[in-house]
Amino acid sequence: MATTLYIIGAGPGDPDLISVKGLNQIRRAEAILYDALVPAELLAKARPSCRMICVGKRKGHKEFSQDEINDLLVFYARRFQCVVRLKGGDPYVFGRGHEELEYVTARGICAEVIPGISSAIAAPSSAGIPLTKRGVNESFWVVAGTVSNGDISGDMILAAQSSATVIVLMGLNQLQKIAAVFSHHRSSLEPIAIIENAARQDQRVITGTAGTIAALAEEHKVCTPAVIVIGKVVDERNALTCLANVYIEQEVSDETNTENKY
Ligand code: SAH
């Protein structure tokens, strides 16, 4: 039987938020190459003999380049029948899953992608924020906060000019710039939420506005991983359905507006 590499989305962090199909392959796997954000409880479902290779960034451990990860996938797929590449969220949402698939299939290895629940979808839900609500919004955009040259993407500026709800991944380092873009194109009162460690035990939700969110994030020392949600749906949140054990509402006055830079 030909080896299949299963590129599996582990979901946002709650170990129960993985597909049955993904979990079944974890149980069968002879080797699992996993990202640092993948929950340990999922790895514990593997067979005791399964080789576990962490290829994500972890304190005190070697960091693998994408090229090294690609080569490791080929190395293990050539030695075992069932190999799993386990990635956070969904492999095809800012996850480089398709690059990995292309690399291994070009070397004669069969690969299958098993989708996962992206943090883009799970973070607002876990915070009690509806991604869409009838009469409030008509669409949502998922935008990368930081692009490869380290700046914010041009799409962010286009998104701010639309009426869409904007979900930002990898955006915490650019929060001040992002808030300034939305203050300029929408309003300094535009609602913004940050969901830190979404769908995990230590989830925190911080809500504010384009004018206040950067100061709130600094005050509360918000850390990665975090998803930023921008738009009126933030005001529709239902804190009672929120999984967060910490829920911080706006405390800074709107007069401390971020300077408009755009
Ligand atoms: N493929 C992943 C995204 C990878 S990019 C997915 O579909 O979710 C990494 C970014 O995802 C982080 O910078 C952060 O913005 C977001 N992220 C991933 N997991 C998260 C979590 N549990 N809580 C908050 N943000 C998360």
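Proline 225 is placed in the loop that runs between helix H8 (213-219) and strand S10 (226-230). The peptide bond leading from threonine 224 to proline 225 is cis, and its omega angle is near 0°. These descriptions, like those that follow, refer to a predicted model.

## The chain as a whole

The secondary structure of the protein chain consists of eight helices and eleven strands. The chain has 262 residues, of which 51% count as buried. Contacts between residues at least 6 apart in sequence can be sorted by their separation along the chain: 69% of them join residues at least 24 apart.

## The ligand and its surroundings

Where in the protein does the ligand lie? The space that the ligand takes is the largest pocket. There are 17 residues around the ligand, and those that come nearest are Pro12, Val93, Ser119, Ala198 and Ala226.

| Protein residue | Protein atom | Ligand atom | Distance |
|---|---|---|---|
| Glycine 88 | polar backbone atom | nitrogen | 3.1 Å |
| Serine 119 | N or O atom in the side chain | oxygen | 2.7 Å |
| Arginine 200 | polar side-chain atom | nitrogen | 3.3 Å |

The ligand on its own has 540 Å² of accessible area, and the protein covers 88% of it.

## The loop between S8 and S9

Asparagine 197 and aspartate 202 can be described together. Aspartate 202 is found in the loop between strand S8 (191-196) and strand S9 (204-209), and asparagine 197 lies in the loop between S8 and S9 as well. The side chains of aspartate 202 and asparagine 197 make a polar contact at 3.4 Å.

Is asparagine 197 buried or exposed? Asparagine 197 counts as buried because its relative accessible area is 14%, and the limit for a buried residue is under 20%. Aspartate 202 has a relative accessible area of 41%, so this residue is partly exposed.

The backbone of asparagine 197 also deserves attention. Its phi angle is near 50°, which is a positive value in a residue other than glycine.

## A second residue with positive phi

Phenylalanine 94 has a phi angle near 45°, again a positive value in a residue other than glycine. Phenylalanine 94 lies in the loop between strand S4 (82-87) and helix H4 (97-105). With a relative accessible area of 42%, phenylalanine 94 is partly exposed.

Threonine 4 lies in strand S1, which comprises residues 4-9. Its relative accessible area is 16%, and therefore threonine 4 is buried. Which residues does threonine 4 touch, leaving aside its neighbours within four places in sequence? Threonine 4 is in contact with Gln81, Cys82, Val83, Cys110, Ala111 and Glu112.

Valine 83, one of these partners, has its place in strand S4. The relative accessible area of valine 83 is 0%, so valine 83 is buried. Apart from neighbours within four places in sequence, the contacts of valine 83 are with Thr4, Leu5, Tyr6, Ala31, Leu33, Tyr76 and Ala77. Valine 83 and glutamine 25 are 58 residues apart along the chain, and their C-alpha atoms are separated by 8.5 Å.

Leucine 101 is found in helix H4. Leucine 101 counts as buried because its relative accessibility is 16%. Leucine 101 and leucine 5 are 96 residues apart in sequence, while the distance between their C-alpha atoms is 8.6 Å. Beyond its neighbours within four places in sequence, leucine 101 is in contact with Ile7, Tyr92, Ala111 and Val113. Ala111 is also among the contacts of threonine 4.

## Helix H7

Helix H7 spans residues 175-185, and its buried residues are Leu175, Ile178, Ala179, Ala180, Val181, Phe182 and Ser183. An α-helix has 3.6 residues a turn, so residues three or four places apart point the same way. Which elements cover the buried residues of H7? The cover includes helix H6 (154-161), strand S7 (165-169), S8, H8 and S10. Two of these elements, H8 and S10, are those on either side of the loop that holds proline 225.

Note on methods
Residues numbered from 1 in each chain as written. Predicted model: local features only at pLDDT ≥ 70, side-chain atom pairs only at ≥ 80, totals over all residues. Heavy atoms only, no water. Helix = DSSP H or I, 4+ residues; strand = E, 2+ residues; numbered from the N terminus. Buried < 20%, exposed > 50% of the residue type's maximum accessible area, 1.4 Å probe, protein only. Contact = heavy atoms within 4.5 Å. Polar contact = N/O pair within 3.5 Å; in protein donor to acceptor, adjacent residues only side chain to side chain. Near = heavy atom within 4 Å. Areas by Shrake-Rupley, 256 points an atom, 1.4 Å probe, with all protein chains shown as cover. 1 Å grid on protein atoms, 1.4 Å probe; cavity = no way out; pocket = protein on both sides within 12 Å on 5 of 7 lines; lining within 4 Å. Sits in = over half its atoms within 2 Å of the grid points.
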